[in-house]
Amino acid sequence: MNPFHYQRATAPEEAIHVVAATRGAKFLGGGTNLIDLMKYDVEHPTTLVDINHLSFTQITSASDGTTTVGAGVRNSDLANHQTIRTNYPLLSQAILSGASAQLRNMATTGGNLLQRTRCYYFNDTAYTECNKRNPGSGCSALKGFNRIHAILGTSADGDSDTANCIATNPSDMNVALAALNATVHVQGPKGKRSIALRDFHLLPGTTPHIETALKPDELITSVELPPSRFAKHSCYLKVRDRQSYAFALVSVAAGLELDGSTIQSAGLALGGVAPKPWRSAEAEKALVGAPATVETFHKAADLAVAGAKTYQYNAFKVELAKTSIVRALTLAAQGVQA
Ligand SMILES: Cc1cc2nc3c(=O)[nH]c(=O)nc-3n(C[C@H](O)[C@H](O)[C@H](O)COP(=O)(O)OP(=O)(O)OC[C@H]3O[C@@H](n4cnc5c(N)ncnc54)[C@H](O)[C@@H]3O)c2cc1C
(Lines give C-alpha, C1' and ligand atoms only; values in the text may rest on other atoms or scores of the structure.)
Protein backbone atom coordinates (compact mmCIF):
# COMPACT_ATOMS: atom_id res chain seq x y z
CA MET A 1 0.00 0.00 0.00
CA ASN A 2 1.46 3.34 -1.07
CA PRO A 3 0.16 6.28 0.98
CA PHE A 4 -1.13 9.32 -0.92
CA HIS A 5 -2.98 12.53 -0.18
CA TYR A 6 -6.38 13.36 -1.58
CA GLN A 7 -7.59 16.86 -2.32
CA ARG A 8 -10.82 18.01 -3.92
CA ALA A 9 -10.48 21.02 -6.24
CA THR A 10 -13.31 23.46 -6.83
CA ALA A 11 -11.68 25.58 -9.56
CA PRO A 12 -9.27 24.74 -12.42
CA GLU A 13 -6.70 27.26 -11.13
CA GLU A 14 -6.72 25.59 -7.72
CA ALA A 15 -6.26 22.11 -9.24
CA ILE A 16 -3.42 23.32 -11.47
CA HIS A 17 -1.73 25.15 -8.61
CA VAL A 18 -1.72 22.06 -6.37
CA VAL A 19 -0.44 19.75 -9.12
CA ALA A 20 2.24 22.28 -10.15
CA ALA A 21 3.38 22.83 -6.55
CA THR A 22 3.29 19.22 -5.35
CA ARG A 23 5.89 16.77 -6.60
CA GLY A 24 4.23 13.60 -7.90
CA ALA A 25 0.66 14.98 -7.74
CA LYS A 26 -1.86 13.92 -10.40
CA PHE A 27 -5.34 14.94 -11.45
CA LEU A 28 -8.07 12.41 -10.71
CA GLY A 29 -10.84 12.07 -13.31
CA GLY A 30 -13.14 9.04 -13.16
CA GLY A 31 -10.24 7.05 -11.72
CA THR A 32 -11.00 3.99 -13.86
CA ASN A 33 -7.44 3.81 -15.17
CA LEU A 34 -5.35 5.70 -12.62
CA ILE A 35 -6.71 3.87 -9.57
CA ASP A 36 -6.21 0.49 -11.26
CA LEU A 37 -2.61 1.40 -12.02
CA MET A 38 -2.08 2.48 -8.41
CA LYS A 39 -3.39 -0.89 -7.25
CA TYR A 40 -1.04 -2.64 -9.69
CA ASP A 41 1.89 -0.64 -8.23
CA VAL A 42 2.51 0.93 -11.65
CA GLU A 43 1.58 4.52 -10.73
CA HIS A 44 2.54 6.13 -7.41
CA PRO A 45 1.05 9.62 -7.19
CA THR A 46 1.82 11.46 -3.96
CA THR A 47 -1.43 13.44 -4.14
CA LEU A 48 -4.62 12.95 -6.08
CA VAL A 49 -6.30 16.22 -7.01
CA ASP A 50 -9.94 15.35 -7.61
CA ILE A 51 -11.27 17.37 -10.56
CA ASN A 52 -14.74 15.81 -10.58
CA HIS A 53 -16.26 18.90 -9.00
CA LEU A 54 -15.00 21.38 -11.59
CA SER A 55 -17.66 22.86 -13.82
CA PHE A 56 -16.30 21.53 -17.11
CA THR A 57 -19.06 19.07 -17.80
CA GLN A 58 -20.89 20.86 -20.64
CA ILE A 59 -21.23 20.08 -24.35
CA THR A 60 -21.84 23.28 -26.30
CA SER A 61 -22.24 24.11 -29.98
CA ALA A 62 -21.28 27.41 -31.60
CA SER A 63 -23.09 29.02 -34.53
CA ASP A 64 -20.25 28.02 -36.89
CA GLY A 65 -20.97 24.35 -36.11
CA THR A 66 -18.02 23.81 -33.77
CA THR A 67 -18.81 21.63 -30.75
CA THR A 68 -16.90 21.88 -27.49
CA VAL A 69 -16.85 19.01 -25.01
CA GLY A 70 -15.79 19.75 -21.43
CA ALA A 71 -12.99 17.51 -20.17
CA GLY A 72 -15.19 16.38 -17.28
CA VAL A 73 -17.99 15.08 -19.53
CA ARG A 74 -18.49 11.38 -18.80
CA ASN A 75 -18.04 8.97 -21.70
CA SER A 76 -21.71 7.86 -21.47
CA ASP A 77 -22.98 11.44 -21.54
CA LEU A 78 -20.78 12.25 -24.51
CA ALA A 79 -21.75 9.16 -26.53
CA ASN A 80 -25.46 9.65 -25.88
CA HIS A 81 -25.67 13.43 -26.30
CA GLN A 82 -28.06 14.38 -29.09
CA THR A 83 -25.57 16.69 -30.85
CA ILE A 84 -22.91 14.00 -30.84
CA ARG A 85 -25.27 11.27 -32.00
CA THR A 86 -26.56 13.44 -34.82
CA ASN A 87 -23.45 15.30 -35.97
CA TYR A 88 -20.61 13.02 -34.86
CA PRO A 89 -22.00 9.46 -34.86
CA LEU A 90 -18.44 8.21 -35.40
CA LEU A 91 -17.49 9.46 -31.94
CA SER A 92 -20.62 8.10 -30.33
CA GLN A 93 -20.06 4.67 -31.89
CA ALA A 94 -16.39 4.56 -30.90
CA ILE A 95 -17.09 5.36 -27.25
CA LEU A 96 -19.97 2.88 -27.01
CA SER A 97 -17.72 0.13 -28.37
CA GLY A 98 -15.37 0.52 -25.40
CA ALA A 99 -15.30 -0.74 -21.82
CA SER A 100 -18.67 -1.33 -20.14
CA ALA A 101 -21.68 0.83 -19.30
CA GLN A 102 -20.51 1.18 -15.69
CA LEU A 103 -17.00 2.22 -16.73
CA ARG A 104 -18.33 4.69 -19.30
CA ASN A 105 -20.52 6.23 -16.60
CA MET A 106 -17.37 7.08 -14.63
CA ALA A 107 -14.73 7.68 -17.31
CA THR A 108 -14.20 11.28 -18.40
CA THR A 109 -13.18 12.82 -21.71
CA GLY A 110 -9.87 14.09 -20.25
CA GLY A 111 -9.09 10.74 -18.59
CA ASN A 112 -9.89 8.76 -21.71
CA LEU A 113 -7.47 10.90 -23.72
CA LEU A 114 -4.74 10.01 -21.23
CA GLN A 115 -5.52 6.37 -20.51
CA ARG A 116 -2.36 4.32 -20.59
CA THR A 117 -1.41 1.30 -22.64
CA ARG A 118 -2.75 -2.20 -21.99
CA CYS A 119 0.65 -3.78 -22.74
CA TYR A 120 0.81 -6.76 -20.35
CA TYR A 121 4.43 -6.02 -19.53
CA PHE A 122 3.70 -2.39 -18.62
CA ASN A 123 0.79 -3.33 -16.39
CA ASP A 124 2.56 -6.14 -14.53
CA THR A 125 5.49 -5.09 -12.34
CA ALA A 126 6.67 -8.71 -12.15
CA TYR A 127 8.29 -7.84 -15.49
CA THR A 128 11.16 -5.56 -14.62
CA GLU A 129 11.94 -4.65 -18.23
CA CYS A 130 9.62 -1.92 -19.45
CA ASN A 131 11.06 1.28 -20.91
CA LYS A 132 7.72 3.02 -20.46
CA ARG A 133 7.35 2.19 -16.77
CA ASN A 134 11.02 2.10 -15.91
CA PRO A 135 13.01 4.11 -18.52
CA GLY A 136 16.16 2.38 -19.73
CA SER A 137 15.19 -1.06 -18.38
CA GLY A 138 14.40 -2.79 -21.69
CA CYS A 139 11.24 -4.08 -23.40
CA SER A 140 9.79 -7.43 -22.37
CA ALA A 141 7.17 -7.22 -25.12
CA LEU A 142 9.74 -7.36 -27.90
CA LYS A 143 10.81 -10.83 -26.83
CA GLY A 144 7.51 -11.79 -25.27
CA PHE A 145 3.93 -12.49 -26.32
CA ASN A 146 3.39 -9.45 -28.53
CA ARG A 147 0.11 -10.37 -30.19
CA ILE A 148 -1.69 -7.16 -29.10
CA HIS A 149 1.24 -4.89 -29.82
CA ALA A 150 1.92 -2.16 -32.37
CA ILE A 151 2.99 -2.56 -35.99
CA LEU A 152 3.33 1.14 -36.82
CA GLY A 153 5.19 4.01 -35.16
CA THR A 154 7.14 1.80 -32.74
CA SER A 155 10.67 2.37 -31.54
CA ALA A 156 12.37 -0.98 -31.92
CA ASP A 157 15.43 -0.74 -34.12
CA GLY A 158 17.07 -3.64 -32.33
CA ASP A 159 20.36 -1.80 -31.66
CA SER A 160 19.64 -0.75 -28.13
CA ASP A 161 16.94 -2.22 -25.95
CA THR A 162 16.93 0.70 -23.55
CA ALA A 163 14.45 2.81 -25.53
CA ASN A 164 12.38 0.23 -27.38
CA CYS A 165 8.63 0.28 -27.02
CA ILE A 166 5.93 -1.46 -29.07
CA ALA A 167 2.93 -0.67 -26.85
CA THR A 168 -0.34 0.59 -28.36
CA ASN A 169 -2.67 3.39 -27.33
CA PRO A 170 -5.78 1.46 -26.26
CA SER A 171 -8.48 4.13 -26.54
CA ASP A 172 -11.42 3.90 -28.93
CA MET A 173 -12.47 7.52 -28.35
CA ASN A 174 -9.04 8.80 -29.37
CA VAL A 175 -9.26 7.08 -32.75
CA ALA A 176 -12.56 8.79 -33.57
CA LEU A 177 -11.24 12.14 -32.33
CA ALA A 178 -8.24 11.75 -34.63
CA ALA A 179 -10.40 11.07 -37.69
CA LEU A 180 -12.60 14.04 -36.75
CA ASN A 181 -9.60 16.39 -36.49
CA ALA A 182 -10.30 17.39 -32.90
CA THR A 183 -8.32 19.93 -30.87
CA VAL A 184 -7.44 19.57 -27.19
CA HIS A 185 -7.60 22.71 -25.03
CA VAL A 186 -5.40 22.76 -21.94
CA GLN A 187 -4.59 25.13 -19.10
CA GLY A 188 -1.42 25.26 -17.02
CA PRO A 189 0.40 27.59 -14.64
CA LYS A 190 1.60 29.62 -17.65
CA GLY A 191 -1.85 29.96 -19.24
CA LYS A 192 -3.96 28.24 -21.87
CA ARG A 193 -2.99 26.58 -25.14
CA SER A 194 -4.47 24.30 -27.78
CA ILE A 195 -2.98 21.11 -29.21
CA ALA A 196 -4.24 19.42 -32.37
CA LEU A 197 -5.18 15.85 -31.53
CA ARG A 198 -2.75 14.57 -34.17
CA ASP A 199 0.08 16.20 -32.15
CA PHE A 200 -1.28 15.37 -28.71
CA HIS A 201 -0.13 11.73 -28.46
CA LEU A 202 3.56 11.16 -29.11
CA LEU A 203 5.44 8.32 -30.73
CA PRO A 204 7.83 6.61 -28.31
CA GLY A 205 11.09 7.51 -30.04
CA THR A 206 13.77 7.28 -27.35
CA THR A 207 11.39 8.41 -24.59
CA PRO A 208 8.49 5.93 -24.44
CA HIS A 209 7.59 7.15 -20.93
CA ILE A 210 6.57 10.54 -22.39
CA GLU A 211 3.26 9.75 -24.04
CA THR A 212 1.65 13.11 -24.79
CA ALA A 213 2.47 16.75 -25.44
CA LEU A 214 0.69 17.64 -22.19
CA LYS A 215 2.94 18.87 -19.38
CA PRO A 216 2.44 17.17 -15.98
CA ASP A 217 0.90 20.33 -14.47
CA GLU A 218 -1.43 21.06 -17.38
CA LEU A 219 -5.13 20.32 -17.09
CA ILE A 220 -7.17 19.29 -20.12
CA THR A 221 -10.16 21.62 -20.06
CA SER A 222 -12.04 20.68 -23.23
CA VAL A 223 -11.97 19.01 -26.62
CA GLU A 224 -13.15 20.89 -29.68
CA LEU A 225 -14.75 19.19 -32.67
CA PRO A 226 -14.76 21.10 -35.97
CA PRO A 227 -18.06 21.43 -37.83
CA SER A 228 -19.34 18.02 -38.77
CA ARG A 229 -18.50 16.75 -42.26
CA PHE A 230 -19.01 13.04 -41.84
CA ALA A 231 -22.41 12.77 -40.16
CA LYS A 232 -23.96 10.89 -43.10
CA HIS A 233 -21.00 8.70 -43.98
CA SER A 234 -18.96 7.39 -41.11
CA CYS A 235 -18.14 4.09 -39.45
CA TYR A 236 -16.22 2.92 -36.40
CA LEU A 237 -15.20 -0.69 -36.86
CA LYS A 238 -13.62 -2.48 -33.92
CA VAL A 239 -12.10 -5.93 -34.25
CA ARG A 240 -11.41 -7.71 -30.96
CA ASP A 241 -11.24 -11.14 -29.41
CA ARG A 242 -14.80 -10.96 -28.06
CA GLN A 243 -17.68 -8.74 -28.97
CA SER A 244 -17.82 -6.73 -25.76
CA TYR A 245 -15.59 -5.62 -22.92
CA ALA A 246 -12.38 -6.05 -24.89
CA PHE A 247 -9.81 -3.69 -26.31
CA ALA A 248 -9.29 -3.40 -30.06
CA LEU A 249 -6.85 -5.63 -31.89
CA VAL A 250 -7.49 -3.28 -34.79
CA SER A 251 -10.02 -0.50 -35.07
CA VAL A 252 -10.84 1.92 -37.85
CA ALA A 253 -12.55 5.30 -37.67
CA ALA A 254 -13.63 6.24 -41.17
CA GLY A 255 -15.44 9.39 -42.21
CA LEU A 256 -16.27 10.42 -45.77
CA GLU A 257 -17.81 13.54 -47.24
CA LEU A 258 -19.34 12.58 -50.57
CA ASP A 259 -20.53 14.52 -53.56
CA GLY A 260 -22.45 11.86 -55.45
CA SER A 261 -19.93 9.04 -55.50
CA THR A 262 -16.86 11.29 -55.37
CA ILE A 263 -15.03 11.71 -52.08
CA GLN A 264 -14.76 15.41 -51.18
CA SER A 265 -12.92 14.92 -47.90
CA ALA A 266 -11.96 12.01 -45.67
CA GLY A 267 -10.88 11.25 -42.13
CA LEU A 268 -9.24 7.89 -41.51
CA ALA A 269 -7.60 6.76 -38.28
CA LEU A 270 -6.55 3.37 -36.89
CA GLY A 271 -6.53 2.06 -33.35
CA GLY A 272 -4.81 -0.97 -31.84
CA VAL A 273 -1.89 -0.80 -34.25
CA ALA A 274 0.29 2.08 -33.03
CA PRO A 275 1.39 3.98 -29.93
CA LYS A 276 -1.04 6.75 -30.92
CA PRO A 277 -4.20 6.98 -32.99
CA TRP A 278 -2.70 6.33 -36.41
CA ARG A 279 -3.52 8.70 -39.24
CA SER A 280 -2.01 8.35 -42.66
CA ALA A 281 -1.90 11.56 -44.67
CA GLU A 282 -1.09 9.50 -47.78
CA ALA A 283 -4.16 7.30 -47.34
CA GLU A 284 -6.44 10.31 -46.84
CA LYS A 285 -4.89 12.01 -49.88
CA ALA A 286 -5.59 8.93 -51.98
CA LEU A 287 -9.24 9.06 -50.97
CA VAL A 288 -9.90 12.74 -51.68
CA GLY A 289 -11.15 13.35 -55.24
CA ALA A 290 -11.41 9.62 -55.94
CA PRO A 291 -14.61 7.62 -56.52
CA ALA A 292 -15.92 5.83 -53.43
CA THR A 293 -15.17 2.36 -54.73
CA VAL A 294 -13.61 -0.77 -53.29
CA GLU A 295 -10.56 -0.21 -55.52
CA THR A 296 -10.02 3.24 -54.00
CA PHE A 297 -10.46 1.83 -50.50
CA HIS A 298 -7.90 -0.94 -51.15
CA LYS A 299 -5.39 1.67 -52.31
CA ALA A 300 -5.97 3.75 -49.16
CA ALA A 301 -5.64 0.63 -46.99
CA ASP A 302 -2.28 -0.27 -48.54
CA LEU A 303 -1.01 3.26 -47.96
CA ALA A 304 -2.31 3.39 -44.37
CA VAL A 305 -0.23 0.42 -43.25
CA ALA A 306 2.80 1.09 -45.45
CA GLY A 307 5.97 0.69 -43.41
CA ALA A 308 4.38 -1.68 -40.89
CA LYS A 309 6.90 -3.62 -38.82
CA THR A 310 5.70 -6.83 -37.23
CA TYR A 311 6.93 -8.99 -34.36
CA GLN A 312 6.69 -12.69 -33.56
CA TYR A 313 2.96 -12.85 -32.78
CA ASN A 314 1.34 -9.83 -34.42
CA ALA A 315 2.03 -10.15 -38.16
CA PHE A 316 -1.69 -10.91 -38.64
CA LYS A 317 -2.48 -7.29 -37.83
CA VAL A 318 -1.27 -6.02 -41.22
CA GLU A 319 -3.85 -7.96 -43.21
CA LEU A 320 -6.49 -7.44 -40.51
CA ALA A 321 -5.94 -3.68 -40.61
CA LYS A 322 -6.17 -3.56 -44.41
CA THR A 323 -9.34 -5.65 -44.52
CA SER A 324 -10.88 -3.58 -41.71
CA ILE A 325 -10.09 -0.31 -43.48
CA VAL A 326 -11.77 -1.48 -46.68
CA ARG A 327 -14.81 -2.69 -44.74
CA ALA A 328 -15.10 0.48 -42.64
CA LEU A 329 -14.81 2.75 -45.69
CA THR A 330 -17.34 0.63 -47.60
CA LEU A 331 -19.84 0.82 -44.74
CA ALA A 332 -19.19 4.55 -44.33
CA ALA A 333 -19.82 5.16 -48.04
CA GLN A 334 -23.06 3.19 -47.80
CA GLY A 335 -24.09 5.16 -44.71
CA VAL A 336 -24.28 1.93 -42.69
CA GLN A 337 -22.88 1.61 -39.18
CA ALA A 338 -20.74 -1.42 -38.31
C1 LIG B 1 -12.03 -3.38 -17.61
C2 LIG B 1 -11.80 -2.18 -18.47
C3 LIG B 1 -12.10 -2.25 -19.82
C4 LIG B 1 -11.91 -1.14 -20.64
N5 LIG B 1 -12.18 -1.23 -21.97
C6 LIG B 1 -11.93 -0.17 -22.79
C7 LIG B 1 -12.15 -0.22 -24.18
O8 LIG B 1 -12.58 -1.24 -24.72
N9 LIG B 1 -11.89 0.88 -24.92
C10 LIG B 1 -11.42 2.03 -24.37
O11 LIG B 1 -11.21 3.01 -25.08
N12 LIG B 1 -11.19 2.13 -23.05
C13 LIG B 1 -11.43 1.06 -22.26
N14 LIG B 1 -11.18 1.14 -20.92
C15 LIG B 1 -10.47 2.31 -20.41
C16 LIG B 1 -11.36 3.44 -19.99
O17 LIG B 1 -11.92 4.03 -21.14
C18 LIG B 1 -10.45 4.44 -19.27
O19 LIG B 1 -10.09 3.84 -18.03
C20 LIG B 1 -11.12 5.75 -19.01
O21 LIG B 1 -11.47 6.38 -20.22
C22 LIG B 1 -10.20 6.69 -18.23
O23 LIG B 1 -10.93 7.84 -17.87
P24 LIG B 1 -10.97 8.33 -16.36
O25 LIG B 1 -11.70 9.62 -16.32
O26 LIG B 1 -11.45 7.25 -15.44
O27 LIG B 1 -9.42 8.58 -16.13
P28 LIG B 1 -8.54 8.53 -14.79
O29 LIG B 1 -8.26 7.13 -14.44
O30 LIG B 1 -9.15 9.40 -13.74
O31 LIG B 1 -7.24 9.27 -15.31
C32 LIG B 1 -6.42 8.76 -16.33
C33 LIG B 1 -5.23 9.72 -16.46
O34 LIG B 1 -5.68 10.97 -16.95
C35 LIG B 1 -5.30 12.03 -16.06
N36 LIG B 1 -6.39 13.00 -16.15
C37 LIG B 1 -7.72 12.76 -15.99
N38 LIG B 1 -8.42 13.85 -16.32
C39 LIG B 1 -7.53 14.81 -16.66
C40 LIG B 1 -7.64 16.17 -17.10
N41 LIG B 1 -8.83 16.77 -17.28
N42 LIG B 1 -6.51 16.86 -17.37
C43 LIG B 1 -5.29 16.27 -17.21
N44 LIG B 1 -5.12 15.01 -16.79
C45 LIG B 1 -6.23 14.28 -16.54
C46 LIG B 1 -5.09 11.36 -14.72
O47 LIG B 1 -4.17 12.09 -13.92
C48 LIG B 1 -4.53 10.02 -15.14
O49 LIG B 1 -3.16 10.13 -15.39
C50 LIG B 1 -11.40 0.06 -20.08
C51 LIG B 1 -11.13 0.14 -18.71
C52 LIG B 1 -11.31 -0.97 -17.90
C53 LIG B 1 -11.00 -0.85 -16.45
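Patches are built from residues with over 30% relative accessible area and no salt bridge, joining like charges within 9 Å and nonpolar side chains (Val, Leu, Ile, Met, Phe, Trp, Tyr) within 5 Å. A salt bridge here is a side-chain nitrogen of Lys or Arg within 4 Å of a carboxyl oxygen of Asp or Glu, and accessible areas follow the Shrake-Rupley method with a 1.4 Å probe, counting only the protein chains shown as cover for residues. In this predicted model, local features need pLDDT of at least 70 and side-chain atom pairs pLDDT 80 or more, while totals for chains, interfaces and linings use all residues. Residues are numbered from 1 along each chain as its sequence is written, and side-chain values use heavy atoms, without hydrogens and water.

With that in hand, meet M1, F4 and Y6, which make a nonpolar surface patch of about 410 Å². F4 sits in the segment before β1 (5–8) and is partly exposed, at 35% relative accessible area. For these classes, buried means under 20%, exposed over 50%, and partly exposed in between (1.4 Å probe, protein chains only). Helices (H or I, at least four residues) and strands (E, at least two) are DSSP runs, numbered from the N terminus.

## Two domains

The chain is divided into domain 1 (1–54) and domain 2 (234–334), with bounds from an automatic or database domain assignment. Their C-alpha centres lie 36 Å apart.

Let's turn to α14 (residues 316–334). Among the buried residues of α14 are K317, I325 and L329. The buried residues of this helix pack against β9 (234–239), β10 (250–259), β11 (262–271), α12 (281–287) and α13. Just after α14, G335 has a positive phi of about 70°.

Helix α13 (residues 294–304) holds A300, which is buried, with a relative accessible area of 0%. Leaving out residues up to four places away in sequence, A300 touches A283, L287 and L329, where contact means heavy atoms within 4.5 Å. A300 and L268 are 32 residues apart in sequence, yet their C-alpha atoms are 9.3 Å apart in space.

Two loop residues deserve a look. D41, not a glycine, has a positive phi of about 75°; D41 lies in the loop between α2 (34–39) and β3 (47–50) and is partly exposed at 37% relative accessibility.

A99, also a residue other than glycine, has a positive phi near 55°. A99 belongs to the loop between α5 (89–96) and α6 (101–106) and counts as partly exposed, at 39% relative accessibility.
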